[in-house]
Amino acid sequence: MVARLRAAGCVFAEDEARLIMATARSPGELSEMVERRAAGLPLEQVLGWAEFCGLRIAVAPGVFVPRRRTEFLVREAVALLARGDGPAGLAARGPAGLAARGPAGLAARGGGPRSLREDVARPEAIVVDLCCGAGAIGAALAAAVDQAEVHAVDIDPAAVSCARRNVPGHVYQGDLYQPLPASLRGRVSLVVANVPYVPTGEIGFLPPEARAHEPLVALDGGPDGLDVLRRVAAEAPLWLASGGSLLIETSERQVLLASAAFTGSGLTVRIATSDELNATVVIGTLTSS
Ligand SMILES: C[S@@+](CC[C@H](N)C(=O)[O-])C[C@H]1O[C@@H](n2cnc3c(N)ncnc32)[C@H](O)[C@@H]1O
């Protein structure tokens, strides 16, 4: 297995072989998985899951694989919820708690510490995960924050069906805010989004795993990579409660234009960066209704 994976160009062949062996349920499935990986499918799509914030997120072929970098956005969101000022503030387990919860896994959800029914009956924070993909961000926030009501949206049906397996909340298919219930307007504590942000002209330079196995709709952010971000920022004030925040992942070189889009829609902007995860998040807060 290791030799086959290494010959196909997998740099971490031993680690990948170990994960494939631990996931396959029969020798037939094992060799099928090795062949799919050798053919270039992202490891997570072969395994059927990706690790994200200590959770196992179900990922199917053709669905964007959640990146480690995006854990920084989750950390920032949890910190805002934990801070306690404005509608974003409420009891969160905090970033440390998030890490401490360990690999809860999909199966653990039913018996986990949170009950969706309780949250919906008495929500204290409404979180909207736009462009949710497999739902990694929404799932991690639901796991980390007590009494958060999570609503997740994606335009791609394959992503939506993964998100329905991962997010203990409401998952809708559609264009950005369009499928959300109108009753959420002006009541949302946090809008979180990892939108497509690769400039169209740079798609060809992405690693083959992304280019060939993740859908264009998950990657292509238009001429400067900010088309979707601008649309999310423009409509955010309609949905945020006063004191609520919008958090979007971006890149270091796009951060000024991204911030301008936030400011242009009336949000007060702050930038958070992580050298460790090579991550940049624009955070905009609605300071008046
Ligand atoms: C970069 S991926 C991020 C997925 C997920 N948030 C994550 O971090 O793993 C972007 C996602 O945005 C979705 N998307 C693109 N345009 C959209 C739109 N107009 N409305 C809703 N979702 C959209 C894509 O289908 C894709 O799943």
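Helix 2 (residues 13-23) packs against helix 3 (residues 27-38) at an angle of about 140 degrees, and their axes lie 9 Å apart; axes are lines fitted to C-alpha atoms over the stretch in contact, with angles running from 0 to 180 degrees between N-to-C directions. Helices are DSSP runs (H or I, at least four residues) numbered from the N terminus. The model is predicted, with pLDDT of at least 70 needed for local features and 80 or more for side-chain atom pairs, whereas totals for chains, interfaces and linings use all residues. Residues are numbered from 1 along each chain as its sequence is written, and side-chain values use heavy atoms, leaving out hydrogens and water.

The crossing of helix 2 and helix 3 is right-handed, that is, the near helix is turned clockwise from the far one by less than a right angle. Helix 2 contributes E16, I20, M21 and T23 to the contact, and helix 3 contributes E29, L30, M33, V34 and R37; contact means heavy atoms within 4.5 Å. These residues comprise 5 nonpolar, 1 polar and 3 charged, where Ala, Val, Leu, Ile, Met, Phe, Trp, Tyr, Cys and Pro count as nonpolar, Asp, Glu, Lys and Arg as charged, and the others, Gly among them, as polar.

Polar contacts are pairs of N or O atoms within 3.5 Å. A backbone N or O atom of C131 lies 2.8 Å from a ligand nitrogen atom, and a polar backbone atom of I155 lies 3.2 Å from a nitrogen atom of the ligand. A polar side-chain atom of D154 is placed 2.6 Å from a ligand oxygen atom. Taken alone, the ligand exposes 590 Å², of which the protein buries 96% (Shrake-Rupley method, 1.4 Å probe).

Note on methods. Helices (H or I, at least four residues) and strands (E, at least two) are DSSP runs, numbered from the N terminus. A polar contact is a pair of N or O atoms within 3.5 Å; within protein, one must be able to donate a hydrogen and the other to accept it, and residues adjacent in sequence count only if both atoms are side-chain atoms.
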